[in-house]
Amino acid sequence: MDAAAAEAAQAAEAAGTQRLEQAVRAAEQALIEFEIAVETFRIEVENFSRLHHQRLGPVYSRLDELDALIAEAIAARTGDPEDVRRAQEARGLVMPMPDVEELFFGWIDSEGLSPEGAAMLNEQPVQPPSRVRPSEEARRLYRELARSAHPDLADSEDERARRGDFIVRVNAAYAAGDETALQALADEWAAGPRPAERRASRSEELYARLEWLAERKELLAAMAAEMESSAIGAMIKMAPEDPDGLLEEIAEQLLAQVSEKEARLAELVQ
(Lines give C-alpha, C1' and ligand atoms only; values in the text may rest on other atoms or scores of the structure.)
Protein backbone atom coordinates (compact mmCIF):
# COMPACT_ATOMS: atom_id res chain seq x y z
CA MET A 1 0.00 0.00 0.00
CA ASP A 2 1.48 3.33 -1.06
CA ALA A 3 1.54 6.42 1.16
CA ALA A 4 -1.53 7.99 -0.44
CA ALA A 5 -3.59 4.86 0.03
CA ALA A 6 -2.44 4.52 3.65
CA GLU A 7 -3.31 8.13 4.33
CA ALA A 8 -6.76 7.67 2.78
CA ALA A 9 -7.36 4.56 4.92
CA GLN A 10 -6.35 6.43 8.07
CA ALA A 11 -8.65 9.31 7.16
CA ALA A 12 -11.55 6.91 6.57
CA GLU A 13 -10.89 5.19 9.90
CA ALA A 14 -10.73 8.54 11.69
CA ALA A 15 -14.01 9.61 10.09
CA GLY A 16 -15.66 6.34 11.14
CA THR A 17 -14.40 6.72 14.69
CA GLN A 18 -15.71 10.28 14.78
CA ARG A 19 -19.17 9.11 13.69
CA LEU A 20 -19.10 6.44 16.39
CA GLU A 21 -18.18 9.02 19.01
CA GLN A 22 -21.08 11.21 17.90
CA ALA A 23 -23.43 8.22 18.08
CA VAL A 24 -22.22 7.39 21.57
CA ARG A 25 -22.69 10.99 22.77
CA ALA A 26 -26.21 11.06 21.31
CA ALA A 27 -27.06 7.70 22.91
CA GLU A 28 -25.67 8.84 26.27
CA GLN A 29 -27.77 12.00 26.19
CA ALA A 30 -30.89 10.05 25.22
CA LEU A 31 -30.27 7.57 28.01
CA ILE A 32 -29.88 10.38 30.54
CA GLU A 33 -33.23 11.86 29.51
CA PHE A 34 -34.85 8.42 29.67
CA GLU A 35 -33.39 7.75 33.12
CA ILE A 36 -34.76 11.11 34.32
CA ALA A 37 -38.22 10.20 33.03
CA VAL A 38 -38.15 6.74 34.62
CA GLU A 39 -36.87 8.08 37.94
CA THR A 40 -39.53 10.82 37.92
CA PHE A 41 -42.24 8.22 37.40
CA ARG A 42 -40.75 6.01 40.12
CA ILE A 43 -40.92 8.89 42.58
CA GLU A 44 -44.51 9.59 41.55
CA VAL A 45 -45.44 5.95 42.09
CA GLU A 46 -43.67 5.88 45.46
CA ASN A 47 -45.31 9.09 46.68
CA PHE A 48 -48.75 8.07 45.43
CA SER A 49 -48.35 4.64 47.03
CA ARG A 50 -47.51 6.26 50.37
CA LEU A 51 -50.44 8.65 50.08
CA HIS A 52 -52.74 5.80 49.03
CA HIS A 53 -51.72 3.83 52.11
CA GLN A 54 -52.11 6.79 54.46
CA ARG A 55 -55.56 7.79 53.24
CA LEU A 56 -57.11 4.45 52.31
CA GLY A 57 -55.20 1.96 54.47
CA PRO A 58 -57.54 2.42 57.48
CA VAL A 59 -60.58 1.98 55.23
CA TYR A 60 -59.21 -1.27 53.79
CA SER A 61 -58.50 -2.46 57.34
CA ARG A 62 -62.06 -1.63 58.38
CA LEU A 63 -63.43 -3.58 55.41
CA ASP A 64 -61.32 -6.63 56.37
CA GLU A 65 -62.51 -6.37 59.96
CA LEU A 66 -66.14 -6.14 58.85
CA ASP A 67 -65.68 -9.19 56.61
CA ALA A 68 -64.35 -11.14 59.60
CA LEU A 69 -67.17 -9.96 61.89
CA ILE A 70 -69.81 -10.86 59.30
CA ALA A 71 -68.28 -14.31 58.75
CA GLU A 72 -68.12 -14.89 62.52
CA ALA A 73 -71.72 -13.79 62.96
CA ILE A 74 -72.87 -16.17 60.23
CA ALA A 75 -70.86 -19.04 61.76
CA ALA A 76 -72.35 -18.32 65.19
CA ARG A 77 -75.84 -18.49 63.71
CA THR A 78 -75.46 -21.63 61.61
CA GLY A 79 -72.75 -23.60 63.41
CA ASP A 80 -71.91 -25.05 60.01
CA PRO A 81 -68.27 -26.28 59.90
CA GLU A 82 -67.77 -24.66 56.51
CA ASP A 83 -69.00 -21.32 57.85
CA VAL A 84 -66.69 -21.72 60.85
CA ARG A 85 -63.76 -22.36 58.50
CA ARG A 86 -64.59 -19.26 56.46
CA ALA A 87 -64.79 -17.20 59.66
CA GLN A 88 -61.39 -18.44 60.78
CA GLU A 89 -59.87 -17.61 57.40
CA ALA A 90 -61.39 -14.12 57.44
CA ARG A 91 -60.08 -13.51 60.96
CA GLY A 92 -56.66 -14.79 59.93
CA LEU A 93 -56.47 -12.12 57.26
CA VAL A 94 -57.02 -9.43 59.89
CA MET A 95 -54.60 -10.72 62.57
CA PRO A 96 -51.06 -9.38 62.11
CA MET A 97 -48.25 -11.85 61.57
CA PRO A 98 -45.38 -11.77 64.08
CA ASP A 99 -42.08 -10.39 62.86
CA VAL A 100 -39.42 -12.80 61.70
CA GLU A 101 -37.19 -11.66 64.56
CA GLU A 102 -39.88 -12.61 67.06
CA LEU A 103 -40.24 -16.05 65.52
CA PHE A 104 -36.56 -16.96 65.24
CA PHE A 105 -34.82 -14.80 67.88
CA GLY A 106 -31.96 -13.89 65.54
CA TRP A 107 -31.40 -17.43 64.25
CA ILE A 108 -32.18 -16.31 60.70
CA ASP A 109 -30.33 -13.82 58.55
CA SER A 110 -29.98 -12.85 54.88
CA GLU A 111 -28.47 -16.28 54.15
CA GLY A 112 -31.41 -18.12 55.69
CA LEU A 113 -31.70 -20.19 58.85
CA SER A 114 -28.33 -20.69 60.51
CA PRO A 115 -27.12 -24.27 61.18
CA GLU A 116 -27.35 -23.60 64.92
CA GLY A 117 -30.90 -22.33 64.54
CA ALA A 118 -31.93 -25.31 62.43
CA ALA A 119 -30.43 -27.72 64.95
CA MET A 120 -32.15 -26.06 67.90
CA LEU A 121 -35.53 -25.92 66.15
CA ASN A 122 -35.24 -29.66 65.46
CA GLU A 123 -34.15 -30.38 69.03
CA GLN A 124 -30.74 -31.53 67.87
CA PRO A 125 -27.47 -30.73 69.62
CA VAL A 126 -25.40 -28.02 68.04
CA GLN A 127 -22.36 -29.69 66.52
CA PRO A 128 -18.97 -28.01 66.90
CA PRO A 129 -17.04 -27.51 63.68
CA SER A 130 -15.18 -30.63 62.62
CA ARG A 131 -11.41 -30.57 62.67
CA VAL A 132 -9.66 -30.76 59.32
CA ARG A 133 -6.60 -32.97 59.11
CA PRO A 134 -4.90 -32.39 55.71
CA SER A 135 -3.44 -35.46 54.04
CA GLU A 136 0.28 -35.89 53.54
CA GLU A 137 -0.14 -35.05 49.85
CA ALA A 138 -2.05 -31.87 50.76
CA ARG A 139 0.74 -30.89 53.14
CA ARG A 140 3.39 -31.52 50.46
CA LEU A 141 1.51 -29.43 47.89
CA TYR A 142 0.99 -26.66 50.40
CA ARG A 143 4.68 -26.50 51.35
CA GLU A 144 5.77 -26.42 47.71
CA LEU A 145 3.28 -23.70 46.82
CA ALA A 146 4.14 -21.62 49.88
CA ARG A 147 7.83 -21.78 49.01
CA SER A 148 7.49 -21.04 45.27
CA ALA A 149 4.67 -18.47 45.36
CA HIS A 150 5.60 -16.52 48.48
CA PRO A 151 5.07 -12.75 47.97
CA ASP A 152 8.57 -11.98 49.30
CA LEU A 153 9.99 -13.55 46.14
CA ALA A 154 8.33 -10.91 43.95
CA ASP A 155 10.45 -8.40 42.05
CA SER A 156 7.68 -5.81 41.59
CA GLU A 157 4.62 -4.53 43.41
CA ASP A 158 2.26 -5.98 40.80
CA GLU A 159 3.89 -9.38 41.15
CA ARG A 160 3.74 -9.13 44.94
CA ALA A 161 0.00 -8.43 44.76
CA ARG A 162 -0.53 -11.36 42.37
CA ARG A 163 1.38 -13.71 44.63
CA GLY A 164 -0.44 -12.43 47.70
CA ASP A 165 -3.85 -13.10 46.16
CA PHE A 166 -2.69 -16.55 45.09
CA ILE A 167 -1.39 -17.47 48.54
CA VAL A 168 -4.74 -16.48 50.06
CA ARG A 169 -6.39 -19.11 47.84
CA VAL A 170 -3.70 -21.65 48.75
CA ASN A 171 -4.24 -21.07 52.48
CA ALA A 172 -8.02 -21.44 52.11
CA ALA A 173 -7.65 -24.76 50.25
CA TYR A 174 -5.17 -26.06 52.83
CA ALA A 175 -7.40 -24.99 55.73
CA ALA A 176 -10.23 -27.02 54.16
CA GLY A 177 -7.92 -29.98 53.56
CA ASP A 178 -8.88 -29.87 49.88
CA GLU A 179 -6.16 -31.85 48.12
CA THR A 180 -7.90 -31.52 44.72
CA ALA A 181 -7.99 -27.74 44.98
CA LEU A 182 -4.34 -27.61 46.02
CA GLN A 183 -3.35 -29.71 43.01
CA ALA A 184 -5.35 -27.40 40.72
CA LEU A 185 -3.55 -24.43 42.26
CA ALA A 186 -0.20 -26.13 41.73
CA ASP A 187 -1.06 -26.68 38.06
CA GLU A 188 -2.16 -23.06 37.75
CA TRP A 189 1.07 -21.77 39.27
CA ALA A 190 3.16 -24.02 37.04
CA ALA A 191 1.37 -22.64 33.97
CA GLY A 192 2.50 -19.14 34.88
CA PRO A 193 0.60 -15.83 34.77
CA ARG A 194 -1.95 -15.27 32.07
CA PRO A 195 -0.73 -13.25 29.11
CA ALA A 196 -1.82 -9.63 29.07
CA GLU A 197 -5.02 -9.11 27.15
CA ARG A 198 -4.90 -7.13 23.95
CA ARG A 199 -6.03 -3.57 24.47
CA ALA A 200 -9.21 -2.78 22.60
CA SER A 201 -9.09 -0.19 19.85
CA ARG A 202 -11.00 3.08 20.14
CA SER A 203 -13.65 1.79 17.74
CA GLU A 204 -14.08 -1.42 19.76
CA GLU A 205 -14.45 0.62 22.96
CA LEU A 206 -17.11 2.79 21.32
CA TYR A 207 -19.04 -0.21 20.03
CA ALA A 208 -18.91 -1.77 23.52
CA ARG A 209 -20.17 1.50 24.98
CA LEU A 210 -23.09 1.56 22.54
CA GLU A 211 -23.99 -2.02 23.47
CA TRP A 212 -23.95 -1.15 27.18
CA LEU A 213 -26.12 1.92 26.59
CA ALA A 214 -28.64 -0.20 24.67
CA GLU A 215 -28.73 -2.84 27.44
CA ARG A 216 -29.18 -0.12 30.07
CA LYS A 217 -32.08 1.38 28.16
CA GLU A 218 -33.73 -2.05 27.87
CA LEU A 219 -33.39 -2.52 31.62
CA LEU A 220 -34.92 0.88 32.33
CA ALA A 221 -37.74 0.19 29.87
CA ALA A 222 -38.51 -3.06 31.69
CA MET A 223 -38.53 -1.22 35.04
CA ALA A 224 -40.88 1.43 33.64
CA ALA A 225 -43.21 -1.21 32.19
CA GLU A 226 -43.33 -3.03 35.53
CA MET A 227 -44.21 0.18 37.38
CA GLU A 228 -46.87 1.10 34.82
CA SER A 229 -48.48 -2.34 35.11
CA SER A 230 -48.64 -2.19 38.91
CA ALA A 231 -51.86 -1.22 40.66
CA ILE A 232 -50.49 2.15 41.74
CA GLY A 233 -49.00 2.82 38.31
CA ALA A 234 -52.33 2.05 36.67
CA MET A 235 -54.06 4.49 39.02
CA ILE A 236 -51.62 7.26 38.13
CA LYS A 237 -52.13 6.61 34.42
CA MET A 238 -55.90 6.83 34.92
CA ALA A 239 -55.64 10.33 36.34
CA PRO A 240 -52.16 11.74 35.68
CA GLU A 241 -53.31 15.35 36.13
CA ASP A 242 -55.36 14.83 39.32
CA PRO A 243 -54.25 11.75 41.32
CA ASP A 244 -55.60 13.29 44.53
CA GLY A 245 -59.05 13.48 42.96
CA LEU A 246 -58.79 9.79 42.05
CA LEU A 247 -57.99 8.97 45.66
CA GLU A 248 -61.07 10.85 46.82
CA GLU A 249 -63.19 8.95 44.31
CA ILE A 250 -61.82 5.59 45.48
CA ALA A 251 -62.32 6.62 49.11
CA GLU A 252 -65.99 7.39 48.44
CA GLN A 253 -66.49 3.97 46.87
CA LEU A 254 -64.78 2.21 49.78
CA LEU A 255 -66.77 4.14 52.37
CA ALA A 256 -69.96 3.12 50.59
CA GLN A 257 -68.84 -0.52 50.91
CA VAL A 258 -68.14 0.06 54.61
CA SER A 259 -71.68 1.37 55.09
CA GLU A 260 -73.15 -1.65 53.30
CA LYS A 261 -71.12 -4.13 55.36
CA GLU A 262 -71.95 -2.37 58.64
CA ALA A 263 -75.64 -2.57 57.75
CA ARG A 264 -75.24 -6.28 56.95
CA LEU A 265 -73.47 -6.89 60.26
CA ALA A 266 -76.19 -5.05 62.17
CA GLU A 267 -78.80 -7.36 60.64
CA LEU A 268 -76.85 -10.45 61.65
CA VAL A 269 -76.30 -9.50 65.28
CA GLN A 270 -79.85 -8.40 66.00
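**View 1. Histidine 52 and the residues it touches.** Setting aside neighbours within four places in sequence, histidine 52 is in contact with Gly57, Tyr60, Ile232, Met235 and Leu247; contact here means heavy atoms within 4.5 Å. Histidine 52 sits in helix 1, residues 3-78. Is histidine 52 buried or exposed? At a relative accessible area of 11%, histidine 52 is buried (buried is under 20% relative accessible area, exposed is over 50% and partly exposed is in between, with a 1.4 Å probe and protein chains only). Keep in mind that this is a predicted model, where local features need pLDDT of at least 70, side-chain atom pairs count only at pLDDT 80 or more, and totals for chains, interfaces and linings use all residues. Residues are numbered from 1 along each chain as its sequence is written, and side-chain values use heavy atoms, with hydrogens and water left out.

**View 2. The whole protein.** There are 10 helices and 2 strands in the protein, taken as DSSP runs numbered from the N terminus (helices are H or I with at least four residues, strands are E with at least two). Along the sequence the pattern reads α-α-α-β-β-α-α-α-α-α-α-α. Of the 270 residues in the protein, 23% are buried. Take the contacts between residues at least 6 apart in sequence: 65% of them join residues at least 24 apart.

**View 3. Aspartate 83 in helix 2.** Helix 2, residues 81-94, is where you'll find aspartate 83. Aspartate 83 counts as buried, with a relative accessible area of 15%. What does aspartate 83 contact, leaving aside its neighbours within four places in sequence? The partners are Ala71, Ile74, Ala75 and Thr78.

View 4. Helix 5 covers residues 136-148, and at 1.5 Å a residue its 13 residues should span 18 Å; the end C-alpha atoms are 18 Å apart, so the two agree. (The expected span is 1.5 Å times one less than the number of residues.) Ala138, Leu141 and Leu145 are the buried residues to look for in helix 5. Looking down the axis of helix 5, the buried residues fall within an arc of 65 degrees, so they line one face of the helix; the arc is that of the directions from the helix axis to the C-beta atoms. As a reminder, an α-helix has 3.6 residues a turn, so residues three or four places apart point the same way. On the face of helix 5 turned away from the buried side, Glu136 and Arg147 are exposed. The buried residues of helix 5 pack against helix 6 (157-175) and helix 7 (179-191).

**View 5. Helix 5 against helix 7.** On the helix 5 side, the contact is made by Glu137, Ala138, Leu141, Leu145 and Ser148. Helix 7 brings Glu179, Leu182, Gln183, Leu185, Ala186 and Trp189.

**View 6. Leucine 182 in helix 7.** Leucine 182 lies in helix 7 and is buried, with a relative accessible area of 0%. Which residues does leucine 182 touch, not counting those up to four places away in sequence? They are Ala138, Leu141, Leu145, Val170, Ala173 and Tyr174. Leucine 182 and arginine 140 are 42 residues apart in sequence, and their C-alpha atoms are 9.7 Å apart in space.

**View 7. Alanine 175 in helix 6.** Alanine 175 has its place in helix 6. With a relative accessible area of 54%, alanine 175 is exposed.

**View 8. Helix 9 meeting helix 8.** The axes of helix 8 (residues 202-229) and helix 9 (residues 231-238) come within 4 Å and cross at roughly 80 degrees. That makes helix 8 roughly perpendicular to helix 9. Met227, Glu228 and Ser229 of helix 8 make the contact with Ala231, Gly233, Ala234 and Lys237 of helix 9. Within helix 9, Ile232, Gly233, Met235 and Ile236 are buried. Down the axis of helix 9, the buried residues fall within an arc of 160 degrees, so they line one face of the helix. Ala231, Lys237 and Met238 are exposed on the other side of helix 9.

Key:
Axes fitted to C-alpha atoms, helices over the stretch in contact; angles between N-to-C directions. Parallel < 35°, antiparallel > 145°, perpendicular 65-115°, else oblique.
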